[in-house]
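My notes follow in the order I took them.

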Amino acid sequence: MRWYWLDRFEKFVAGEEAISLKNVTLAEEPLDDYLPGYAHYPHSLIIEGMAQTGGILLSQTNDFRDKIVLAKVSKAEFDCIARPGDTIRLRAVLVNRQADGAIVEGSIEVNDEPQGRMELTFAILDESYGSEPFFIPSDFCRVLRGLCLFDVGVNPDGSPLQIPEEMLAAEIDALTTPCE
Amino acid sequence: MASSEEVFEKVQEALVDALGVDDDEVTREATMVGDLGAESIDFLDIVFKLEKAFDINIPREELFPDDILTNADLVQDGKVTADGISQLKERLPWANLSKFEGNPRVQDFGNLLTVNDLCSYVQSKIG
């Protein structure tokens, strides 16, 4: 099972806000095991989806170089549930960024109706956590492409978001290196 | 100009929200770390909530003088020197450092800040 709790980005304004979509389907394992007979999408995974949306929004501010972890769910309020067939829209706004962390405010809609809100605190880890990135750059680039980040992403001035050069170089390197 | 009580109430609300503690735990004398259980990442949240609540800007170094506490010229054998103490007093005029001065171990500084110190700091910012 892949730990992606969003399907694609619908909007991404660098350093400001990101909106992602998550379509709920009965084919997903968590819906089988979570309250059997009452299939709905766990709120904990909506929080994770918001953390991924906000985490990528934050990570992009330094060309995806920082090690970012969700440090605290300050608030998570839900008004209703999401069932198979529903579309969840996750809107993350980067409201505060410091050298060692950031705060993201999130709002959630299900089928265009407000469903909840949350506030997440992220930590940006320093060098004491090692110099290796959390994700292999070429793999991460592929994930971001899959999420349509670079299709919809723009800078605050409206110009298209570019894939960081070192990420592109890593991707080219991975694609042109013969498998062992 | 906000009264001392109004400032306290807003600070209390921010701390209850950020730390998940009860109103009655947030007394003026409570220490942020020891009594209220604040961890380093919580301060990011607390500062953000105070900035919003009071419409002020809080430069990090005004509340957390890490540059002084990690300066080799101002810390010897894990303790802040007299020169370091005077710089702390200058930087944090709103904080009560009298107890810390008695045994200025750097490792104890993190548990120095009380709710009342935070209120005094905010009061100094809003005038």
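I began with Lys52(B), which is exposed, its relative accessible area being 51%. The model is a predicted one, and I kept that in mind throughout.

Next I asked which residue Lys52(B) meets in a salt bridge. The partner is Glu105(A), with an N to O distance of 3.0 Å. Glu105(A) sits in strand E5 of chain A and Lys52(B) in helix H2 of chain B, so this pair joins two chains. I noted Glu105(A) as partly exposed, at a relative accessible area of 25%.

Glu10(A) is partly exposed, with a relative accessible area of 31%.

I also found a salt bridge between Arg89(A) and Glu109(A), at 3.5 Å, N to O. Here strand E4 is linked to strand E5 (residues 101-110) of chain A, and the two residues are 20 apart. I recorded a relative accessible area of 28% for Glu109(A), which makes it partly exposed.

One further entry on salt bridges concerns a network. I listed its members as Lys72(A), Glu119(A), Asp42(B), Asp45(B) and Lys49(B).

Glu171(A) belongs to helix H5 (residues 165-176) of chain A. Not counting residues up to four places away in sequence, Glu171(A) touches Ser138(A), Cys141(A), Arg142(A) and Arg145(A).

In chain B I looked at the loop between helix H1 (4-19) and helix H2 (40-54), where Glu25(B) is found. Glu25(B) is partly exposed, at 35% relative accessible area. I saw that Glu25(B) gathers with Glu13(B), Asp17(B), Asp22(B), Asp23(B) and Asp24(B) in a surface patch of negative charge.

Val26(B) is in the loop between H1 and H2 as well. I noted Val26(B) as buried, with a relative accessible area of 1%. Leaving aside neighbours within four places in sequence, its contacts are Phe8(B), Gln12(B), Leu15(B), Val16(B), Val21(B), Leu36(B) and Val115(B). Last, I checked the C-alpha separation between Val26(B) and Ile58(B), and it is 21 Å.

Definitions and conventions
Residues numbered from 1 in each chain as written. Chains lettered and ligands numbered in written order. Predicted model: local features only at pLDDT ≥ 70, side-chain atom pairs only at ≥ 80, totals over all residues. Heavy atoms only, no water. Patch = residues over 30% accessible without salt bridge, like charges linked within 9 Å, V, L, I, M, F, W, Y side chains within 5 Å. Areas by Shrake-Rupley, 256 points an atom, 1.4 Å probe, with all protein chains shown as cover. Salt bridge = Lys/Arg side-chain N within 4 Å of Asp/Glu carboxyl O. Lys, Arg positive; Asp, Glu negative; His and termini not counted. Charge placed at Lys NZ, Arg CZ, Asp CG, Glu CD. Helix = DSSP H or I, 4+ residues; strand = E, 2+ residues; numbered from the N terminus. Buried < 20%, exposed > 50% of the residue type's maximum accessible area, 1.4 Å probe, protein only. Contact = heavy atoms within 4.5 Å.
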